[in-house]
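Here is a short report on a few parts of one protein model. Take a look at the structure, then read on.

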Amino acid sequence: MNTTATLQPESLSRIDWTFPVEGMTCASCVARVEKALSAVPGVGEASVNLATEMATVKADKGVALDLLRGAVEKAGYSVGLAAAPGAAKGEAANEWWPVAVSAALSLPLIIPMFGMLFGSGWMLPGWLQLALATPVQFWLGARFYRSGWRAIKARAGNMDLLVALGTSAGYGLSVYQLLVHGGHGMAHLYFEASAVVITLVLLGKWLETRAKRQTTEAIRALNALRPETARVRRNGQDVELPIGQIAKDDLVVVRPGERVPVDGVVVEGASQIDESLITGESLPVAKHEGDKVTGGSVNAEGLLVVKTTAIGTESTLARIVRLVESAQAKKAPIQRLVDKVSEVFVPIVIGIALLTLLGWGLATGNWENAILNAVAVLVIACPCALGLATPTAIMAGTGVAARHGILIKDAEALEIAHNVKIVAFDKTGTLTEGKPELVAAEAADGNRLAFLAASASIQVGSEHPLAKAVLDAAHREGAQLIPASKVRAIAGRGMAAVVGQRDLRLGSSRLMQELNVDLSAVSARAAELQAQGRTVSWVADVTGQPVLLGLLAFGDTIKSTAALAITRLREQGVRSVLVTGDNRGSAKAVGDQLGIDEIRAEVLPEDKARIVGELKAGGAAVAMVGDGINDAPALAAADVGIAMSTGTDVAMHAAGVTLMRGNPALVADAIDISRRTYAKIRQNLFWAFVYNVVGVPLAAFGLLSPVIAGAAMAASSVSVVTNALMLRRWKGSNT
């Protein structure tokens, strides 16, 4: 059995089980399986998706799969085998034949009815009708009896039970009429109604399965990007090996036109790489020695030698697949309401059908007509469309978003994003390139080179972009670095280190104020630089009385797409807020240039989450966009967290949406696809309810035959899935 179990990172005592559930046909089935799984001791949460036919269970580590399987089977269903990627096409070819055979047997039964419209009274002999209808009822329709019986044993109802009851009533009535009245002329037979209803339901399920399969194309397309072999350089020889045998630090040779088989760093060669299927970026990206490459991208030009950094489940492609699968498996909040309705839907429908039978039978004495009307009620009310309305839209929306470089981790983020009215942006690395350069180093005593050497010595080994800028400048100018000890970070404020015999501090104005450092010596120059939008850091010696050594000023380039991002959000009616730890001058310069509505500067990491809370307090849904570890609390606090994949893994884990390119304009795309997906969900639910609200009364009042009811029921399922698939036409902004 192909199941997955994942330990939760926050608690080794918890485990996630994901496995396929077979036999579900409607929203009522989903509710019943979830209820059965939730009742297992140790299960914290159970979610079942009708469109993917997968169950996800969060449970204590001691909960075994056998316990969950037993609960599913007790509810009348079974835990099946997960299909391997790419198997779907073969399965589709095998599913059409029951529909074709059922249609071939039903056609002779229905053709004479069309002849009656033109005055023809010809009908097939009753015994021939019985011979044609019986295999449809009990062979091709056996699945409905099996599923319905399981539902009865579980003391519940589902769509198949409705179909089984309805068609059996029509078939049984016809057999009774044939036996009792067959010898006295042509009896009133309804074999065609039962046979055609079964045919239409089978057709509807087949079309539905085909349509649902299209919604999972994003997953299959991503899986198809994984090469099965790689060319590895070992002992000077290039050897082709299965991808499973590649290890970290292996040197992989990628020829022009080949897919890059692993995540890694280019150690030899230069080329253009097509990453469009991973990031959504249409233009090839230049790669040289030292640049990172992603498995699944295509090498367009030169020969590359890549040092492997990630393989298997650790690779970027594998993480993307898991994110998309996770989003498609989880429930949107609106689906929970649908599940509650579906749980009581089938019993109510059976009750209405019983009332229809008794009402017509007792009022008119025509029990044949009463049975047909009750059958029509049972058939029209099958809640397939209700169960498919939300998950198919979610699957289509997350799939098309993934193709455009927008990874949506869960359905809740997709649904909530449609209502976002405020987007809060981090600055560095989000709206700017995040690659600052040192533009000024002002020493309080005038000795620039010594000041630069001390400043760089504090930051040796730091990965912070500002630290790299200082170190690059020190190397360019030939400053002699001094060994530093006791190096430590001061959260949200700066760094501390002992350089030579001096205890130094490097950081923000806030840090200097806390240390009571007098900044007046270069404060005028600092004000001038900040007015130009530069980020200013200070360096002080706190060995004895705190003394200012000087200031460092950094400049960062605004991303070319940042202004477009703010403009598109404004067009969508969304306010933009800049929330940054940088000084007010730097923040204002960026905010004014981009046209941002509100600016919050000099904000500590913990205060970013507080500011997001303040923005939410106004009643508007708030999205936070960031890329750093310091943005993680705010990303988690926002209604929707949006992380740049060019940033840290921590930020991506905290966010509900990840942008695979460092392009802030994709934020507007994410909101747009959310709005379109939510619109499809509402449309689908509207039509699903309309079919039942209109169809059930019509059937109960005798205005709908079982055949028409079956056609309407099949059409309802196909229509909601087809409507959801229209999302696949979404093109995004192509930025």
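**Buried residues of helix α5**

This model is predicted. In α5, the buried residues are Gly126, Gln129, Leu130, Leu132, Ala133, Val136, Gln137 and Leu140. Look at how such positions are spaced. An α-helix has 3.6 residues a turn, so residues three or four places apart point the same way.

**Length and kink**

Helix α5 covers residues 126-140, which makes 15 residues. From its first C-alpha to its last, α5 reaches 21 Å. That is close to the 21 Å expected at 1.5 Å a residue.

Where does α5 have a kink? The kink lies at Ala133 and is about 30°. The proline Pro135 follows shortly after Ala133. Ala133 is also one of the buried residues of α5.

**How α5 meets α6**

Two packed helices are described by the angle between their axes and the distance between the axes. Helix α6 spans residues 142-153. The axes of α5 and α6 come within 4 Å and cross at roughly 40°. The two helices are therefore oblique to each other. On the α5 side, Gln137, Phe138, Trp139 and Leu140 make the contact. On the α6 side, Ala142, Arg143 and Tyr145 take part.

**A glutamine in a loop**

Now move to Gln459. This residue sits in the loop between α16 (448-458) and α17 (465-477). Is Gln459 buried or exposed? Gln459 has a relative accessible area of 5%, so it counts as buried.

The side chain of Gln459 reaches the backbone oxygen of Ser455 at 3.1 Å. Leaving out residues up to four places away in sequence, Gln459 touches Leu466, Ala467, Val470, Leu471, Met495 and Leu506.

Key: Residues are numbered from 1 along each chain as its sequence is written. This is a predicted model: local features need pLDDT of at least 70, side-chain atom pairs count only at pLDDT 80 or more; totals for chains, interfaces and linings use all residues. Side-chain values use heavy atoms; hydrogens and water are left out. The expected span of a helix is 1.5 Å times one less than its number of residues. The bend at a residue is the angle between axes fitted to the seven residues ending there and the seven starting there. Buried means under 20% relative accessible area, exposed over 50%, partly exposed in between (1.4 Å probe, protein chains only). A polar contact is a pair of N or O atoms within 3.5 Å; within protein, one must be able to donate a hydrogen and the other to accept it, and residues adjacent in sequence count only if both atoms are side-chain atoms. Contact means heavy atoms within 4.5 Å. Axes are lines fitted to C-alpha atoms, for helices over the stretch in contact, and angles run from 0 to 180 degrees between N-to-C directions. Angles under 35 degrees count as roughly parallel, over 145 as roughly antiparallel, 65 to 115 as roughly perpendicular and the rest as oblique.
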